[in-house]
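The following exercises are to be worked with the sequence and the coordinates at hand.

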Amino acid sequence: MASQHVNLFELGYSGNFDLRATSKLINSCQQEISVDVLDGRCDIGKPDVGAFAYPRQTLFEHFPPRVDGEVYVGVTVAPIEGNSYTITQDTDCVVITLHRTQAVAAEAGRTREEYVAQTLVTELLWLEYERATGDSDFGKLFHKRTRACIFDLVLDKSEKVHKLRRGRICKQCADKLEQANVDSGLVSAVTNVLAQVQKSAA
Ligand SMILES: [Zn+2]
């Protein structure tokens, strides 16, 4: 039985992407993480940061009722306040935006659904790490140095393309996860998902 249940849903107006493809990709290549697609939470009002982006509070306030131990991932096409690609709350809620990622996915030869899969498992490991260490400073795991690692903090588009194309877990991050006692089964499940995303490469 899967040890980590993830609920995936659309947040805000529909962006013409297929979350079922993301869940299928993740569920088909490992058994530790199981992803369910929930009904979209579409009615979340208009973006109200400069009539353009959603404030983080609005996004998290529209999350479905939570079950302890499960993780909730909302996907939106609208920008997030502060121009973040992902934001998290507590150790069980994540928002991923597809804003500005279309060109990244295209250039990397990946679909947006694959981009969501890779981002989702990256955040899942981060949340586990945060839970295990009790430290919410993401700088403890993510690093500025780029090593084609999923925990690279990438700032420009070409680095993001590279990360999507070759994303792996670098030695330093693998050691940190191990030292924090993050379940090794979960780490290998994530590695399988990364391999699956890379396999689909054009
Ligand atoms: Zn790393």
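Predicted model: local features only at pLDDT ≥ 70, side-chain atom pairs only at ≥ 80, totals over all residues.

## Exercise 1. Strand pairing

Solution. Step 1: the bridge partner of Asn 7 in strand 3 is Tyr 72.

Step 1: Ile 87 has Val 95 of strand 5 as its bridge partner. The hairpin of strand 4 and strand 5 has three residues between the strands, and Asp 90 takes a positive phi near 50 degrees there.

Step 2: Together with helix 1 (residues 19-28), strand 1 and strand 2 make a right-handed β-α-β unit.

## Exercise 2. Order of elements and overall dimensions

Task: determine the order of helices and strands along the chain, and decide whether its radius of gyration agrees with or departs from that of a compact globule.

Solution. Step 1: count the elements; the chain has seven helices and five strands. Their order along the sequence is β-α-β-α-β-β-β-α-α-α-α-α.

Step 1: compare the dimensions. For 202 residues, a compact globule would have a radius of gyration near 17 Å, and the 16 Å of the chain agrees with this. Along the principal axes, the C-alpha atoms fill a box of roughly 40 × 40 × 30 Å.

Step 2: consider the contacts. Of those between residues at least 6 apart in sequence, 63% join residues at least 24 apart.

## Exercise 3. Burial of strands and helices

Task: state which residues of strand 3 and of helix 5 are buried, and on which sides they lie.

Solution. Step 1: for the whole chain, 34% of the 202 residues count as buried.

Step 1: strand 3 (residues 71-76) has six of its six residues buried, so the rest of the structure largely encloses it. One side carries Val 71, Val 73 and Val 75, the other Tyr 72, Gly 74 and Thr 76, and both faces are covered. Such an arrangement follows the rule that side chains in a regular strand alternate between the two faces of the sheet.

Step 2: in strand 2, Ile 33 may be examined individually. Ile 33 counts as buried because 24 C-beta neighbours lie inside 10 Å, the cut-off being 20 or more. Beyond its neighbours within four places in sequence, Ile 33 is in contact with residues including Val 6, Ile 26, Leu 124 and Ala 189.

Step 3: helix 4 (residues 112-133) has 17 of its 22 residues buried, so it too is largely enclosed by the rest of the structure. Helix 4 reaches 31 Å from its first C-alpha to its last, close to the expected 32 Å.

Step 4: in helix 5 (residues 157-166), the buried residues include Lys 160, Lys 163 and Leu 164. They cover an arc of only 95 degrees around the axis, which places them on the same side of helix 5. The buried residues of helix 5 pack against helix 3 (102-108) and helix 4.

## Exercise 4. Positive phi values

Task: locate Arg 100 and Ala 148, and decide whether each is buried, partly exposed or exposed.

Solution. Step 1: recall that most residues other than glycine have a negative phi.

Step 1: Arg 100, which is not a glycine, has a positive phi of about 70 degrees. Arg 100 lies in the loop between strand 5 and helix 3, and is exposed, with 12 other C-beta atoms within 10 Å.

Step 2: Ala 148 has a positive phi near 55 degrees and lies in the loop between helix 4 and helix 5. With 14 C-beta neighbours inside 10 Å, Ala 148 counts as partly exposed.

How values were computed
Residues numbered from 1 in each chain as written. Helix = DSSP H or I, 4+ residues; strand = E, 2+ residues; numbered from the N terminus. Rg over C-alpha atoms; globule rule 2.2 N^0.38 Å. Contact = placed C-beta atoms within 7 Å. Expected span 1.5 Å × (residues − 1). Arc of directions from axis to C-beta. Right-handed = clockwise from strand over helix to strand, strands pointing away. Pairing = 2+ DSSP bridges.
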